[in-house]
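Colleague: I would like a close look at one part of this protein, followed by how that part sits in the rest of the fold. Please keep it plain.

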Amino acid sequence: MGLVERIGRASIVAILICGIASCGKTGTLRWEKIDGAFTLVENGTPLGVLDIPEVEGITHKEKVEALDSSTFKVTCVFKAVKDLDSVLLQASFNHLAKSSFWMIPSVNYNGNAWGKGKEPKGAKENGEWRSVSFRRTPIPGAMYSEGNRYAIATWAETPRSLKENFSCSLRPDESQTDHVYLWPEEELPLTYSNRDHLVPGFRDNQSLRKGETIEFQIYVHATPLLDEHRSTRSFLDKAWELAAASRLEI
């Protein structure tokens, strides 16, 4: 068990989210089950929803731990109930607000609309949502979106093995912004192979044997929106704090 996990479990009671209508409460943020979906709520107003699409031959269980008044660790465990030759797993936190600004740090800043470079522009390519490897971001799988009242950031634990490598996809739409985590690792529809150079994308093909599991550990951080994107500092400070705590046990 990692130090970050021990800190979370020692300080806050874990909230099991598997067939039980439990909710976690800290500060004004709490998790509730609304219309069958586990939802992060602030003073009665939903901020976002945990979305785990069903996959044939796969079961899943979720657990949420409150690390502080604004940061939650979501653990999603997927288990194969039969042998599967090819699998695509997805877990997302859907921020229930249209983004005024969004980013994947070091990858895409609100669509990369500036300049004449050939870096990826927008969140889509020919109508298909872009996905990028967790390796592209300084914080694994980090994504950030600003709504009308809150900024939401998500990131993930570093994979423990090559097989657990994953990707992320930030999907701003007219009414919400989805922070999507994908397994196995992919970069679609294109991958940025060199400066101003895009090549066809890829998706690893991974199989699962009956009883085998894949785990996502995703952090969700919510903070009131500040001018000039200053809410980014809150999640960056928290992400580096957790990373530093993890290194102490090495």
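What volume does the second largest pocket have? Please also go through its lining and then the surrounding protein.

Modeller: Keep in mind throughout that this is a predicted model. The second largest pocket has a volume of about 340 Å³. Its lining is made up of 25 residues. Those lying nearest the centre of the pocket are Val107, Asn108, Pro120, Val132 and Tyr192.

By residue class, the lining holds 14 nonpolar residues, seven polar ones and four charged ones. Four strands each give at least two residues to this lining: β9 (101-104), β10 (108-109), β16 (167-172) and β18 (186-194). Of these, β18 supplies the largest share, with six residues.

Now the protein around the pocket. The protein has two helices and 20 strands. Among contacts with a separation of 6 or more, 65% join residues 24 or more positions apart. Of the 250 residues in the protein, 49% are buried.

In soluble globular proteins, nonpolar side chains tend to be buried together. Here the largest nonpolar core has 40 residues. Within this core, Trp31, Leu40, Ile58, Phe78, Tyr181 and Phe216 touch the most other members. Another core, of 13 residues, lies apart from it and includes Tyr144, Ala151, Trp155 and Leu242.

Two members of that 13-residue core, Tyr144 and Ala151, are also among the residues that serine 231 touches. Serine 231 itself is in the loop that runs between β20 (213-224) and α2 (232-247). Despite this loop position, serine 231 has a relative accessible area of 1%, and because the cut-off for buried is under 20%, it counts as buried.

Finally, the cysteines. A disulfide is a covalent bond between the sulfur atoms of two cysteines. The structure holds zero disulfides. Cysteine 76 has 0% relative accessibility, so it counts as buried. Cysteine 168 likewise is at 0% relative accessibility and therefore counts as buried.

To return to the part you asked about: the pocket of about 340 Å³ has a lining with 14 nonpolar residues, and β18 provides six residues of that lining.

Notes
Residues are numbered from 1 along each chain as its sequence is written. This is a predicted model: local features need pLDDT of at least 70, side-chain atom pairs count only at pLDDT 80 or more; totals for chains, interfaces and linings use all residues. Side-chain values use heavy atoms; hydrogens and water are left out. A nonpolar core is a set of buried Ala, Val, Leu, Ile, Met, Phe, Trp, Tyr and Cys residues joined through side-chain atoms within 4.5 Å. Buried means under 20% relative accessible area, exposed over 50%, partly exposed in between (1.4 Å probe, protein chains only). On a 1 Å grid over the protein atoms alone, a cavity is a set of points where a 1.4 Å probe fits but cannot get out, and a pocket is an open set with protein on both sides within 12 Å along at least five of seven lines; lining residues have an atom within 4 Å of a point. Grid points are joined across faces, edges and corners, and a volume is the space filled by probe spheres set on the points. Ala, Val, Leu, Ile, Met, Phe, Trp, Tyr, Cys and Pro count as nonpolar, Asp, Glu, Lys and Arg as charged, and the others, Gly among them, as polar. A disulfide is a pair of cysteine sulfur atoms within 2.5 Å. Contact means heavy atoms within 4.5 Å. Lists of a residue's contacts leave out its neighbours within four places in sequence.
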